[in-house]
Amino acid sequence: MSFEVTPESAGLSRYTPEQGRALCARVAAGESLRRIGAEAGWPSPQTAWKWAVAHPEFGEALSAAQRAARIGARLADRDRQLSRAARREPWRRGRPPMYGPALVEEICMRLSEGESLIAITRDPDMPCYRTVLKWARDKPEFADAYTEARRLQADHLADEAHEIVMASTHATVWSDRLRFAFIRWRAANLAPKKYAERVVVAETLRPPETAQGLTVIVKRYSEITPEEYARAEEGEP
């Protein structure tokens, strides 16, 4: 049985083209639907999605606004990076930057804000990619800071994945799904204890007289029932 969403069936009598244009303008300026919906007099993200389904012209405008917001965010990030590079005293041509606390802080700060190491080392004022990895291997203090920056980068990626989900629409869901899957995979690699899916291995031992071997049951952590978890904690099969 099919169901067609219409303004009347969805209870969207409050929608007006003027309000739709105002909402799209705020989204294009970089505001998320969740933040806008938290204000009185503005639709929630769920209502905005229903509007997009019931009013195709609004759905297209909202998708275009979200694309513009993503492009604007990337351009703003690039401008911040260029401005930050311009404020630093340039290194003399032909000589690599000298290792020091300020440089370590700069690299780790940019990593923790979600920037890739490739993008950082592409900056002419930064050491090359191989040099940074060599520092992480040979300098314990840098290795500790680098590891912490990567852990914070995982948190940044998790927040970015959340923003992608909250801003997703019916028109962008497939591309957003691909981006979300990659970002989640990357966050799990950077901080596996926090973001990776867990797998619990439960062992079942039989009495010696009937034992035919060891039976190993592999279940995902999310599939373990409270009773099974309690037995595993107590060492019971």
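Q81 is partly exposed, with a relative accessible area of 24%; here buried means under 20% relative accessible area, exposed over 50%, and partly exposed in between (1.4 Å probe, protein chains only). The model is predicted, so local features need pLDDT of at least 70 and side-chain atom pairs count only at pLDDT 80 or more, while totals for chains, interfaces and linings use all residues. Residues are numbered from 1 along each chain as its sequence is written, and side-chain values use heavy atoms, with hydrogens and water left out.

Q81 belongs to helix α4 (residues 56-87); helices are DSSP runs (H or I, at least four residues), numbered from the N terminus. Apart from neighbours within four places in sequence, Q81 is in contact with R110 and E115, where contact means heavy atoms within 4.5 Å. The C-alpha atoms of Q81 and D123 are 9.0 Å apart in space, and the two residues are 42 residues apart in sequence.

A second pair is formed by G30 and A68, which are 38 residues apart in sequence and 8.3 Å apart in space, C-alpha to C-alpha. G30 is placed in the loop between α1 (17-28) and α2 (33-37) and counts as exposed, at 55% relative accessibility.

Helix α8 (residues 140-167) has 28 residues and reaches 41 Å from its first C-alpha to its last. This is close to the 40 Å expected at 1.5 Å a residue, the expected span being 1.5 Å times one less than the number of residues. The buried residues of α8 are F142, A143, Y146, A149, R150, Q153, A154, D155, L157, A161 and I164. They pack against α5 (101-112), α6 (117-121), α7, α9 (173-190) and α10 (192-195).

The axes of α7 (residues 129-138) and α8 come within 6 Å and cross at roughly 110°. Axes are lines fitted to C-alpha atoms, for helices over the stretch in contact, and angles run from 0 to 180 degrees between N-to-C directions. The two helices α7 and α8 are therefore roughly perpendicular to each other, a term that covers angles of 65 to 115 degrees. On the α7 side the contact is made by V132, L133, W135, A136 and D138, and on the α8 side by P140, F142, A143 and Y146. These residues divide into eight nonpolar, no polar and one charged. Ala, Val, Leu, Ile, Met, Phe, Trp, Tyr, Cys and Pro count as nonpolar, Asp, Glu, Lys and Arg as charged, and the others, Gly among them, as polar.

With a disulfide taken as a pair of cysteine sulfur atoms within 2.5 Å, the count comes to zero. C108 counts as buried at 10% relative accessibility, whereas C128 is partly exposed, with a relative accessible area of 41%.

Terms used:
Parallel < 35°, antiparallel > 145°, perpendicular 65-115°, else oblique.
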